[in-house]
Amino acid sequence: MINNRLPDGVLRLRGLRCARSEGEKEQTYKPIGHKKIIPGWRILKTKRQLALRIPMSVSLWFGLAATAAGEPVDSLRSLRTLTREEAGAKPAARLEATVTFVDSERRIASLKDGDQTGRGQTASGASLEQVHVGDRVRIDGHAEMCGAAACLVMTRVVRIRGVEPQIAIADLLGSGNRAKPGQRVRVRGTATLLLNKKSLFVQEADRGLLVEPAEPVDILAGDLIESRGVIGMVDGFPVLREAEVALLEKAKKRPEAIRLSGNAIRSPDNSGVLVEIEGVFDGDNRKAIRPPRLVLSLRSEGDVWLPVFVENAAAADLERFSIGDLVRARGVLRLVADPLTPERRNARLMVQLLADVQILRKAPWWQGISVLPAIGVLSGLVVAFLAWVWTLRVRVREQTKELRAAKESAEAANQAKSEFLAHISHEIRTPMNGVSGMIELARRAESLDEVREALTSADDSARELLRLLDDVLDLSKMEVGKLILIEESVSVRALVSRAQRLFEGRAGNKGLRLRTEVAANVPDWIVSDSARLGQVIHNLIANAIKFTPVGQVALRVRLIESGSNLEVEVEDTGIGIPQSRRELIFQPFEQADTSITRRYGGTGLGLPIASRIVREMKGTIGVVSHSGEGSRFFFRVPCVAAVPAVRPVAEAPVRCGEDLNGLSILVAEDNAVNMKVVTRLLERRGVTVVGAKNGIEAVEQWRRARPDIVLMDLQMPEMDGLSATRMIRSEESDGGRVPIIALTAHAVEGYREKCTDAGMDGYLTKPLREMDLLREIESVRRPVRL
């Protein structure tokens, strides 16, 4: 140590500077490089002092010099292990991390990489304006001490991977929602209610959303948060599932609630919104449900009954409530499906604490206390008893009538369903008999022409069976409210021309004339769902041709009601419909006449499906008909003119399957018959086929053979096709992406998006057609240029 009795000032030794302030006993040392020093004998008084100080100075110099030349910081782990001396040397830093927090001034950020965390602040001239919570960033700068721990001084921040798209809650809940179920999105809003740290309600402006965090969160009402998750559907409303919740700003004040009353409580726009509702307390179920969850019965203006679910309360707290009290409840309004009538929604008020239910006015005292004399009480009891007996008899008669009507209705419904199942069984077995019978004839045929004729008939029967399955699937989706309409630019005249080409041959085979007419005032392009609009037109024309033995079928399209609605009319000269059965033909389990159905065939699903689609389009459908005089079916949907759709144009026309010779294709399929079909189709084109029976074997074959294209079945044992595709994509190099086409029997909405998210390039549904397979192979080999 340096002698404290030396005079105040600066001592210079070789490689060190020792500074001592007046009145201080501790010294600080800083390296000075190779500056010229004052000889030790001029400052130190004895040789012994010189011998003690020179070795200590040299050791300190080499220690600090080694710290200043330390290794650069390349991870948050190495940042956290820096000592105060190492951080004081400000070593260079270059690393990658995920942003978990950014302050309001966009200068300080919290970082995370695996289980390591750290803190960063921007240097002069740098900013975090383009960085959001959840981004993966690359940071350049240096490390230094920030208080008690080392932090990063960021001179350059580059986003490597951004977060999910941010969407407004109003856009997510609106009729033209910009997101679909299964898509990952990011929303921001104010927290309004947290139930058991598992269900969180978030509100932006006047629209609310239910968020289901992946892990329990600790959020207070009024906190500004950001949530990232997957869109799901509950009771017809979007919810954010498996969400990650990040706190952006602590609550400064209690969030404002919207006053509601009457029928506004049942409005879908108010679901998930923080509201205040006044009503009369009508009882509770403290005996039915244990604490801490209680349900209060509240009767609002207009006799709208509303149950109030209190999350945290005790039964003893309800003693202050009396039936008839005027109360004000503050909570989040939620609409849920009625268990008996799914298309109807019931309103519930979710309340965090019983303190959020305030008593505005107590019930009058005379409601709970009887002040009538004993004679009046007895007289009232006698009158009440007689009235009760009379009322009971009236109710018994009414309930008997209702039960009898319900019994007759249930029997009629069961009868209709039984007849429907009989028709379905007949319609399924008919094409199945055609398929199996024609295959048997082809097996026993003696000439090639007979084989071709039998196989052609079998193919027609298989197509009819597939159409029937599509109708049943469409009806099931409509029954559960899963029908999704895609708004796009649609050419009305193109739809009419396609329908004429499709049904002209069928009408000609029966000797009928098919006429089409599109009014001049119909715009060339409208906003609608092309597939569903065409499906309605096709169902009406097919129905008209089926029930018209002679004459003609006419399709007319025009604008009505000052051009705000598009009317499509299909008129025939067929057998007509009795007046008593006109409304029933649009029901899925009703037939106009079972004898007519047996005569002409069909399941009777065409008109119910068309009716459901038109209702989803906010339109109406109807029929004008008389027995033996033909029928006129028509439907009207809103008409909004649109700009012409821009269709993708290919670089050059490609003839499918002509240049596949020598190509190597990996086919992952667990079904032996399907594998044989695909293999035979491809080998006829000169393709080398590599087979795999499950996802694990497919990945191994890809690693070994490196095929040109992969055909991947989705549902396989041991490992499914989606997981196998993700594994292949993770092991591919930058320039070695192999095209992958999905093979699936799941012909429903949502699976194409799942395949795209997993990294697949094409999508094919079973049963496979050769031209569809070859066309999809050509599309992934020669992508269409937009």
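How many bridges join β25 to β27, and do the two run parallel or antiparallel? The legends below take up this pairing and its surroundings in a predicted model.

**View 1. β25 and β27 pair within the sheet.** The two strands are joined by 8 bridges and run antiparallel. β25 spans residues 565–572, and β27 spans 631–638. E569 has F634 of β27 as its bridge partner. Of the 8 residues in β25, 7 are buried, so the strand is largely enclosed by the rest of the structure.

**View 2. β24 and β25 form a hairpin.** Between the two strands lie 4 residues. E561 sits in the turn and has a positive phi of about 55°. The pairing is antiparallel and covers 8 bridges. R556 stands opposite E569 of β25.

**View 3. Five strands make an open sheet with mixed pairing.** The order is β22-β24-β25-β27-β26. β22 (513–518) and β26 (620–625) are the edge strands, each pairing on one side only. From one strand to the next, the twist averages 15°. In a regular strand, side chains alternate between the two faces of the sheet.

View 4. V518 has V557 in β24 as its bridge partner.

**View 5. Helices α8 and α9 meet.** α8 covers residues 492–509. The two axes come within 10 Å and cross at roughly 30°. That angle is under 35 degrees, so α8 counts as roughly parallel to α9. The crossing is right-handed. On the α8 side, the residues in contact include L495, L502, F503 and R506. On the α9 side, they include L533, I537, H538 and I541.

**View 6. A disulfide joins C146 to C151.** The S to S distance is 1.7 Å. The model's count comes to 1 disulfide. A disulfide is a covalent bond between the sulfur atoms of two cysteines. C146 and C151 are both buried.

**View 7. Two further cysteines, C639 and C755, are buried.** The cut-off for buried is under 20% relative accessible area. C639 has 11% relative accessibility, so it counts as buried. C755 has a relative accessible area of 1%, so it is buried too.

Terms used. Residues numbered from 1 in each chain as written. Predicted model: local features only at pLDDT ≥ 70, side-chain atom pairs only at ≥ 80, totals over all residues. Heavy atoms only, no water. Disulfide = S-S within 2.5 Å. Buried < 20%, exposed > 50% of the residue type's maximum accessible area, 1.4 Å probe, protein only. Pairing = 2+ DSSP bridges. Axes fitted to C-alpha atoms, helices over the stretch in contact; angles between N-to-C directions. Contact = heavy atoms within 4.5 Å. Parallel < 35°, antiparallel > 145°, perpendicular 65-115°, else oblique. Left-handed = near helix turned anticlockwise from the far one by under 90°.
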